[in-house]
Each structure stands twice: as C-alpha cells, then as structure tokens.
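Me: I'd like to learn how to read a protein model feature by feature. Could you walk me through one?

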Amino acid sequence: MLQGFLFLLSVVLLFSSSAAACDRCLHSSKAAYFSSASALSSGACAYGSMATGFFAGHIAAALPSIYKDGSGCGACFQVRCKNPTLCSSKGTTVIVTDLNKTNQTDLVLSSRAFRAMAKPVVGADRDLLKQGIVDIEYRRVPCDYGNKKMNVRVEESSKNPNYLAIKLLYQGGQTEVVAIYIAQVGSSHWSYMTRSHGAVWVTDKVPNGALQFRFVVTAGYDGKMVWSQRVLPANWEAGKSYDAGVQITDIAQEGCDPCDDHIWN
C-alpha cells in the first residue's frame with residue numbers, strides 16, 4: 001500500500017510541478033473591480049459568504065492561468081497600480097476567490113482592494129475608482145495568517161459516513177494543494193479525494209472513525225507531502241471547520257529564468 005501511495009505521489013508531482021513554476025515573477029497587466037464584493041463571494045472557488053472575510057475583503061477573480069482549474073484558489077498576490085498620481089508604491093495584497101472569464105484584465109478586484117491601491121490621501125481612492133480599469137503590476141506572495149493553522153471545512157453536502165466534501169481554509173505559504181489522501185486514524189490504507197470544483201474536494205469512500213489527511217503540495221518545481229495526523233473526529237458534522245493541526249509555509253522556488261524582483265521596490 002505504501003509503495004502504491006508513493007508512486008501516485010511521484011506521478012502527481014511530475015505532472016503538476018511545472019504548472020506552478022515562476023510564481024514569484026512580476027507581471028504587468030490591467031485590473032478592474034467589482035462594485036459589490038458579493039459577486040466575488042459567490043465565485044468559482046466556492047468559498048461562499050466567508051470569502052469577504054479573507055484579508056478584510058481584499059479578494060479577487062483571476063484569469064484561468066492563475067485560477068488553474070481551482071488549484072489557484074486561495075493564492076495571494078501583491079498588486080499595485082502604475083498611476084503615480086493616484087497610486088501608492090506598496091499596493092495591496094489580495095486572495096483569489098473566483099475565476100475571471102473575461103480577457104480584458106488578469107484580475108478583477110473587490111472595490112475595497114481596488115481602493116487600497118490608492119495613495120493614503122483624501123479622495124485618492126475615489127478618484128482611482130473612477131478610472132474603472134488601471135494598469136497594474138502584480139506578483140504572487142505567501143499568504144500570511146499569523147499563528148492560525150490551516151482548517152478543513154466540511155461542506156453542507158457531506159453526509160457522514162457515506163459522502164465527504166471539504167475545502168481548505170487559511171492555507172499559508174506560496175503553494176498549491178494538488179492532491180489529497182484520506183485514511184482512518186491509525187490506518188495505512190489511504191484513498192484519494194478528487195477535486196469537485198474550485199477549492200472543493202470530495203470522496204464517496206469515507207473511512208469509518210476519526211480521519212487523517214495527507215496533502216500533496218507544490219511550490220514552483222518543488223513538491224512535498226504534508227501529513228495531518230488527526231483532523232476530523234468520528235462524529236464530524238457538515239458545515240463545521242476543523243483545525244488541521246498543521247500549516248503550509250513553503251515559498252515558491254524558481255524553476256525558470258530568474259524573476260525581476262528588483263523592479264518591485
């Protein structure tokens with residue numbers, strides 16, 4: 001069983017590692033904004049209303065190459081606009097909660113995040129909103145949740161013990177979860193979960209008893225497995241979040257030409 005698990009792990013890392021390469025690079029594009037954050041909270045990542053609580057509502061919809069069929073959900077980006085009259089050099093940090101299906105901009109920000117790119121002077125944020133679409137620079141940065149551990153949220157569609165749907169909350173670092181395996185606590189018989197949509201993973205082969213997880217994560221060309229030895233109690237309930245007891249803090253490593261990080265200063 002262990003050999004089979006390690007083989008699957010190597011295959012997952014082989015086919016997923018290159019997709020996350022160069023996440024630290026600086027990109028130039030444009031950004032627009034949603035007038036209502038609720039448009040993003042009902043987005044493709046399936047975070048629901050809790051999305052507006054991430055980073056004080058600094059959330060964004062991202063183009064498909066960032067969304068990555070859902071593996072980019074929860075990724076953090078530092079964004080700044082390039083209008084020196086209205087915008088600060090620091091910009092703001094946003095978390096991806098939705099898919100941007102248009103090809104006009106790489107990112108569509110919540111209005112709160114859009115305004116946060118402005119200089120800290122009276123009226124600058126309102127003047128920035130009037131622009132509608134602005135030129136930006138952005139780069140992926142680690143998500144920082146302080147001392148908070150990663151959480152496993154059991155979705156309302158789950159039915160103990162026949163069906164389990166989860167999503168990960170407060171995932172730190174600069175990584176992507178590309179596979180999840182589940183087993184009864186104390187067992188070595190692991191089964192895999194599949195990505196249903198956005199940040200949601202599901203299985204209809206739920207082991208009995210308390211549950212442990214193994215998360216396969218990538219950061220650039222590097223990948224590893226994070227073992228959460230006890231996450232869900234035997235009497236887990238739909239709609240509740242459980243402390244995973246671990247946090248992912250890895251930083252993306254470069255797998256291509258060096259990025260021009262010195263430009264961001």
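Predicted model: local features only at pLDDT ≥ 70, side-chain atom pairs only at ≥ 80, totals over all residues.

Me: How many helices and strands does the protein chain have?

Reply: Helices (H or I, at least four residues) and strands (E, at least two) are DSSP runs, numbered from the N terminus. Here the protein chain has 5 helices and 14 strands.

Me: In what order do the strands close into a barrel?

Reply: Start from pairing: two strands pair if DSSP finds at least two bridges between them. In this model, 6 strands close into a barrel, ordered S1-S5-S2-S4-S3-S6, with mixed pairing. From one strand to the next the twist averages 45°, where axes are lines fitted to C-alpha atoms and angles run from 0 to 180 degrees between N-to-C directions. Strand S1 (residues 27-34) and strand S6 (residues 134-141) run antiparallel, joined by 5 bridges. Across that pair, Ser28 stands opposite Glu137 in S6.

Me: Which residues does the UniProt annotation "glycosylation site" cover?

Reply: The UniProt record places it on Asn100 and Asn103; such annotations may be inferred rather than shown by experiment. Asn100 lies in the loop between strand S4 (92-99) and strand S5 (107-110), and Asn103 is also in the loop between S4 and S5.

Me: Is Asn100 buried or exposed?

Reply: Buried means under 20% relative accessible area, exposed over 50%, and partly exposed in between, using a 1.4 Å probe and protein chains only. Asn100 counts as buried because its relative accessibility is 4%, whereas Asn103, at 75%, counts as exposed. Contact means heavy atoms within 4.5 Å; beyond neighbours within four places in sequence, Asn100 has contacts including Ala61, Pro64 and Asp106.

Me: Which residues touch the most other members of the largest nonpolar core?

Reply: A nonpolar core is a set of buried Ala, Val, Leu, Ile, Met, Phe, Trp, Tyr and Cys residues joined through side-chain atoms within 4.5 Å. Of its 25 residues, Leu109, Met117, Leu128 and Ile136 touch the most other members. Elements giving two or more residues to this core include helix H4 (111-116) and helix H5 (124-131). A second, separate core has 24 residues, among them Val152 and Tyr242.

Note on methods:
Residues numbered from 1 in each chain as written. Heavy atoms only, no water.
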